[in-house]
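Try each task before you read its solution.

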Amino acid sequence: MSVLVIAEHDNAVLKTATLNTVSAARQLGGDIHVLVAGHNARPVADAAAKIDGVAKVLFADDAIYEHDLAEPLSLLITAVGKGYQAILSPATAGGKNVMPRVAALLDVAQVSDICAIVSPDTFVRPIYAGNALATVQSKDALKVITVRATSFEAAKAEGGQASVEAIAAGENPGRATFVGQQISKSERPELTAAQIIVSGGRGMGSLENFKLLETLADKLGGAVGATRAAVDAGFVPNDLQIGQTGKIVAPELYIAVAISGAIQHLAGMKDSKIIVAINKDEEAPIFQVADYGLVADLFQALPELATELSK
Amino acid sequence: MKVLVAVKRVVDYNVKIRVKADGTGVDTGNVKFTMNPFDETAVEEAVRLKEAGKATEIVVVSMGPQQAQDTIRTALAMGADRGILVGSDTELQPLAVAKLLKAIVAKEQPALIIVGKQAIDDDSNQTGQMLAALLGWPQGTFASKLAIDGERAEVTREIDGGLETIALALPAVVTVDLRLNEPRYASLPNIMKAKKKPIDALTPSDLGVDVTPRLITLKVEEPSRRKAGVKVANVAELVSKLKNEAKVI
């Protein structure tokens, strides 16, 4: 009995969500193998081999895996994953893209975005934007699962001494090709892994005003997030969106500025340890989940906050 | 080019849902239902392709109870040409829906399938990918831009770090993100016209698909509620609380 974890990476760096997924895999029991499929991704395979609790790394290094195209990747995972008890991937954009394809090829149901493991065949997952938790039992012999990273502790990145075994690349159906990408560059911590997040909504009013949040985030060493409304208004790029259809975060401190607190936004941040709301509307629903609420105009409160933090 | 769009009837996104006291599910009696928001975006995109002369016919499919017919009518009022309702009182999970869609694809032979990236009730985000796998077609998931050029679809996708563009050889499956477009409101004349558009009725057994659920829901419960905290009077008090009480900064 063993579990296969699909590594999330950018060919150079192993993403931390992989560590959370390894922790989930440990709860299932059995040996843990990690599949690294990429192009010139040796540093990732070496990093995966050091994760505490990993028994073996399977390493497929080929140009067809450079951009995580779902078609060749799903064929590889399906071929490699057949002998396992479960195949786990973080519920990132990459995992959500490829894993249902794997599940269908194996003719099994997928369990999406699990937040707890009850037993090796029974899992808890959020439904209805996190307003209900469903406990589901999988009847399939092989489980295909995506894991909500914020619900599991990260495994230690050091201490493991797994062997790295090179495996041959699979077939590339070739009907999808990579054209290009626009990756947002930021000096700030990655949103899903940040300890502190400062987030803004439509009430920020403009791209310029978002700079006030960036200043605050930088003072706190945190990341900047946003609601869908702020993204749609063009204040910030879409990859900063937090919520049911954006990223799920659970930092130590979440500061929601000019965010009303719609169901869809709360779905992405209500597991944060401490929530602070700054809003001029004292009736805003966000105050019902905030540990500390400040009814104030953001143009006064944010500069004051920056000053106070500098003391 | 024929375009197939799949739509789902779900509890309206503004409804604050209630979990049933016996833990068997979510209370859906006397609750407002609408078309899944992502599916509205999918229908809108198909209609725009038709308006641009790229699509010739739009077939919209929904699966589930008879009331799903209303969801199909909505899509017809937005501009789809005809509908197919696969009636079933069994809970249809993504793998079953993908298999049913595959059977419909075999009959209809569309060149493009557009679906929402996820339904806001089960939040699975699986069906489009599963359908593409079963058909052996390429997929463009989480699309925020779609351009059709002959036998090729160029899809800009929302990924964790930003955006990515891929090219797919048609036929292909595209799942849409909310930022792809702004769905139109159906006008009253179009709603009237939609009543005359045909809707075929089928069942899973007509399509030869076993829809038995693979995942058994053992219980549904409310998540632990956060307690509302305290209001602070000013910024200085806020910072003091974060430093000394919560100890997070």
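**Exercise 1.** Describe residues 23–211 of chain B by helix content, strand content and end-to-end distance.

*Solution.* Start with the composition: this stretch of chain B is 30% helix and 31% strand, where helices (H or I, at least four residues) and strands (E, at least two) are DSSP runs. Next, take the end C-alpha atoms, which lie 24 Å apart. Finally, look at the record: an unreviewed UniProt entry lists residues 23–211 of chain B as "domain: Electron transfer flavoprotein alpha/beta-subunit N-terminal", and such annotations may be inferred rather than shown by experiment.

A note before going on: this is a predicted model, in which local features need pLDDT of at least 70 and side-chain atom pairs pLDDT 80 or more, while totals for chains, interfaces and linings use all residues. Residues are numbered from 1 along each chain, chains are lettered from A, and side-chain values use heavy atoms.

**Exercise 2.** Characterise the interface of domain 1 and domain 2 of chain A.

*Solution.* The contact (heavy atoms within 4.5 Å) takes 6 residues from domain 1 and 9 residues from domain 2.

Second, turn to area. About 650 Å² is buried (accessible area, 1.4 Å probe, lost by two parts on being put together, summed over both), and carbon and sulfur atoms give 51% of that. Ala129(A), Arg148(A) and Thr150(A) supply 68% of what domain 1 buries against domain 2.
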